[in-house]
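User: I would like to learn how to read features from a protein structure. Could we go through one together?

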Amino acid sequence: MGMNIGSGGGSSADPEPMIEMNMTPLIDVMLVLIIMLIITIPIQNHAVNLNMPTSSPAKPLTDPVVVTIDVDFDGTVLWNGVALSGGRAELETKLREVAAQPDQPEVHLKPNKLVAYKSVAAVMASAQRLGVTKIGMIGNEQFIND
């Protein structure tokens with residue numbers, strides 16, 4: 001009991017020649033060429049050349065004018081150490097005067113550690129809305145947890 005493996009003709013004639021081409025070696029060669037191409041391509045550095053100034057900027061001839069705004073623990077606003085009795089309206093009037101000057105003074109905002117955030121945010125929002133551009137927070141080291 002044996003099995004016949006071969007063509008279905010049953011005769012022992014020569015098998016037909018294979019017409020299809022073996023693609024495996026061709027694909028292997030192409031993959032090697034692609035890998036070599038990828039390795040040899042130089043890396044593209046996207047650089048922007050900038051002409052930076054070489055000298056240091058000139059120091060201002062006069063010291064800047066500084067306005068200090070303190071926000072106390074209960075939300076009281078002090079302008080250069082003097083409490084504003086008019087509240088927010090008086091603060092906005094003074095900020096409007098600062099914003100109207102061509103060379104604006106520096107506004108230093110110093111909140112108390114215990115003040116509510118909304119009081120400080122209200123002062124900052126008023127300053128921004130009225131056009132004060134030179135404003136900064138001072139005394140931030142008091143908020144660092146030890």
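User: How many salt bridges does the structure hold?

Analyst: Start with the general idea: side chains of opposite charge can pair when their charged atoms come close. This model is predicted, and it holds three salt bridges.

User: Which side chain meets Glu92 in a salt bridge of 2.7 Å, N to O?

Analyst: That partner is Arg129. The pair links distant parts of the chain, with Glu92 in helix α2 and Arg129 in helix α3, 37 residues apart. Glu92 also meets the side chain of Arg88 in a salt bridge, at 3.3 Å from N to O. Here both residues lie in helix α2, four residues apart, which is about one turn of the helix.

User: Are these residues buried or exposed? Take Glu92 to begin with.

Analyst: Under 20% relative accessible area a residue is called buried, and over 50% exposed. Glu92 has 15% relative accessibility, so it counts as buried. Arg129, at 52%, counts as exposed. Arg88 falls in between: its relative accessible area is 41%, so it is partly exposed.

User: Where do the two residues of the Asp103 and Lys134 pair lie?

Analyst: Asp103 forms a salt bridge with Lys134, and their closest N and O atoms are 3.4 Å apart. This pair also links distant parts of the chain: Asp103 is in the loop between α2 and β4 (106-111), while Lys134 is in the loop between α3 and β5 (135-137), 31 residues away. Asp103 is exposed, with a relative accessible area of 60%, and Lys134 is partly exposed at 38%.

User: Which residues do salt bridges with shared partners join into one network?

Analyst: The network consists of Arg88, Glu92 and Arg129.

User: Next, pockets. What is the volume of the largest pocket?

Analyst: The general idea is that rolling a probe the size of a water molecule over the atoms shows where empty space is left. In this structure, the largest pocket has a volume of about 150 Å³.

User: Which helix gives the largest share of its lining?

Analyst: Helix α3 does, with five residues. Both α2 (88-100) and α3 (117-130) supply at least two lining residues each. Among the residues of the lining are Val77, Leu84, Arg88, Leu91, Lys118 and Val123.

User: What is the phi of Asn80?

Analyst: Most residues other than glycine have a negative phi. Asn80 is not a glycine, yet its phi is positive, at about 50°. Asn80 sits in the loop between β2 (77-79) and β3 (82-83). With a relative accessible area of 43%, Asn80 is partly exposed.

User: Last, the surface. Which residues make the nonpolar surface patch of about 1200 Å²?

Analyst: The patch includes Met21, Met23, Leu26, Ile27, Val29 and Met30, as well as Leu33, Ile34 and Ile38. Met23 is found in the segment before α1 (24-40). Residues in such a patch have over 30% relative accessible area; Met23 has 42% and is partly exposed.

Conventions: Residues are numbered from 1 along each chain as its sequence is written. This is a predicted model: local features need pLDDT of at least 70, side-chain atom pairs count only at pLDDT 80 or more; totals for chains, interfaces and linings use all residues. Side-chain values use heavy atoms; hydrogens and water are left out. Patches are made of residues with over 30% relative accessible area and no salt bridge: like charges are joined within 9 Å, nonpolar side chains (Val, Leu, Ile, Met, Phe, Trp, Tyr) within 5 Å. Accessible areas come from the Shrake-Rupley method with a 1.4 Å probe; for residues, only the protein chains shown count as cover. A salt bridge is a side-chain nitrogen of Lys or Arg within 4 Å of a carboxyl oxygen of Asp or Glu. Buried means under 20% relative accessible area, exposed over 50%, partly exposed in between (1.4 Å probe, protein chains only). On a 1 Å grid over the protein atoms alone, a cavity is a set of points where a 1.4 Å probe fits but cannot get out, and a pocket is an open set with protein on both sides within 12 Å along at least five of seven lines; lining residues have an atom within 4 Å of a point. Grid points are joined across faces, edges and corners, and a volume is the space filled by probe spheres set on the points.
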